[in-house]
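Subject: A structure for you to explore

Hi,

Here is the structure I promised to pass on to you. Have a look at it first, and then read on for what turned up in it.

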Amino acid sequence: MERRRILVTCAKGIAPFLKEEMAGLGFPVMAETVAGIATEGTINDTMRLNLYLRTAHRVLFLIREFRAVNAEELYDALSEVAWEEHIAEDGYVCITSSVDNPSIKDSRYANVRCKDAIVDRIRERRGRRPDSGPSKDRVVVNLYWKGDSCSVYFDTSGETLSVRGYRKIPMTAPMQETLAAAVVMASGWRGNGNFINPMCGSGTLAIEAGLIGLNRAAGILRSNFGFMHLKGFDRSLWNDIRADARAGAKKSFNGRIVATDIRRSAVEAASKNAATAGLEHLIEFGVCDYSETVIPDGGGLVVLNPEYGERMGKVRELEGVYKGIGDYFKQKCLGYTGYVFTGNPELAKKIGLRAKRKIPFYNGAIECKLLEYDLYEGSRGNRNTEMP
Ligand SMILES: C[S@@+](CC[C@H](N)C(=O)[O-])C[C@H]1O[C@@H](n2cnc3c(N)ncnc32)[C@H](O)[C@@H]1O
């Protein structure tokens, strides 16, 4: 089976965690950018990547690289690809793209020419052409065209991998699943010690922690991936890969996961999401102010994702919340490591404790930090002496 370049994309800032995951799965890193890692392998290797990777958005499998200065050259080069070997004549194809070429004013035109090349070729060879459109639930072809350099890939994920299938109720400002997984990875939690998540919202951090603690494959709940719609899809190999993943998952972990929120509706949503993820028996939910969240003996992590407000009034309102988090850490969380994920450095200063580490992330376009605090006995006296 032919080995090709596999480009795994991720959100900006997450590549170090993705790299760690890929190395763990035995995939060599051939190149790294802020938003992706290149490796190589067969189309069948993309199945494992899609099933296991927690921090990736998409797994792209290279079809062809070529030069094209305009849409006609693009069409000609794409017409030479044996699409009929990969896409059924009664199938469906969606084209996605990233285009930066001076002859193309609207990237939708590049998509249309790409689609034309595929369906014209298949109609010529098979007498029938596949349908095309925006749905990413069947074959997805991704075009990356910068200057005169084109790379065309099968998007073997289809729908982004951050859609795991458990978050039926998102609530307000939910954290993307892939980002939450990276935050848990950055905290070092692997199912060891307690994971306390006040302000849990829809429960994403607690659920990703549960999946990591059980070593459960991130994509195990998904029933649809792009690679399944390519001709030659090896269903029995896929079943074996999924069975291996199930066999490698644990039934429990060594510690407690506690998730609370002040809003009852958020906790209800989070517990439904956890039930969909099959984790309802492993996460202890509660409705309370973050400062009332029980901190069990034995140590572990307290991870908070407070709002960070975009309007000034809101920011002022939140100052008290951030100051309160500092008090909560000092008064109730001694013996733990505290984490605060925020996109507002001024609010972070109100915590009033010295951050041991500031791990950079992005939430969409907003630069964020995961602040780490060592909450040992001596941290009681640190208030306002050092800023994050
Ligand atoms: C940014 S959201 C957290 C989103 C969450 N990480 C997710 O993925 O859905 C902040 C959460 O803090 C909760 N919250 C705000 N003030 C709180 C307080 N004083 N005590 C507990 N929870 C609070 C809100 O109800 C909201 O659900």
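How much space lies in the second largest pocket? About 380 Å³. Before going further, please keep in mind that this is a predicted model.

**The second largest pocket**

Let's stay with this pocket for a moment. Its lining is made of 18 residues, and those nearest the centre are Leu7, Thr9, Leu60, Tyr144 and Tyr153. Several strands take part: E1 (4-9), E2 (31-33), E3 (36-41), E4 (58-67), E7 (139-146) and E8 (149-155) each supply at least two residues of this lining. Sorted by class, the lining of the second largest pocket has eight nonpolar, seven polar and three charged residues.

**The largest pocket**

The largest pocket has a volume of about 840 Å³. Here 30 residues form the lining, and Met199, Asp261, Asn305, Pro306 and Glu307 lie nearest the centre of the pocket. Two helices, H6 (204-213) and H9 (312-332), each supply at least two lining residues. Which helix gives the most to this lining? That is H9, with four residues. By class, the lining of the largest pocket divides into 15 nonpolar, eight polar and seven charged residues.

**The ligand**

Now for the ligand. There are 16 residues around the ligand, and Ser202, Thr204, Asp261, Arg263 and Asn305 come nearest.

- A polar side-chain atom of Asp261 lies 2.7 Å from an oxygen atom of the ligand.
- For Met175, a backbone N or O atom is found 2.9 Å from a ligand oxygen atom.
- For Tyr290, a polar backbone atom is 2.9 Å from a nitrogen atom of the ligand.

How much of the ligand does the protein bury? Taken alone, the ligand exposes 610 Å², and the protein buries 91% of that.

Most residues other than glycine have a negative phi. With that in mind, look at Met199, which is not a glycine and yet has a positive phi of about 60 degrees.

Is Asn215 buried or partly exposed? Asn215 counts as partly exposed, because its relative accessibility is 43%, which falls between the cut-offs of 20% and 50%.

**A buried loop residue**

His57 lies in the loop between helix H2 (45-52) and E4. Why does His57 count as buried? Because its relative accessibility is 17%, and buried means under 20%.

**One cavity**

Finally, a search of the whole structure finds one cavity of 30 Å³ or more. The largest cavity has a volume of about 40 Å³. Its lining consists of Arg164, Tyr166, Leu211, Ala217, Ala218, Ile220 and Leu221. Of these lining residues, six are nonpolar, none is polar and one is charged.

Enjoy exploring, and write back with any questions!

Best wishes

Definitions and conventions. Residues numbered from 1 in each chain as written. Predicted model: local features only at pLDDT ≥ 70, side-chain atom pairs only at ≥ 80, totals over all residues. Heavy atoms only, no water. 1 Å grid on protein atoms, 1.4 Å probe; cavity = no way out; pocket = protein on both sides within 12 Å on 5 of 7 lines; lining within 4 Å. Points joined across faces, edges and corners; volume = space filled by probe spheres on them. Nonpolar A, V, L, I, M, F, W, Y, C, P; charged D, E, K, R; others polar. Buried < 20%, exposed > 50% of the residue type's maximum accessible area, 1.4 Å probe, protein only. Near = heavy atom within 4 Å. Polar contact = N/O pair within 3.5 Å; in protein donor to acceptor, adjacent residues only side chain to side chain. Areas by Shrake-Rupley, 256 points an atom, 1.4 Å probe, with all protein chains shown as cover.
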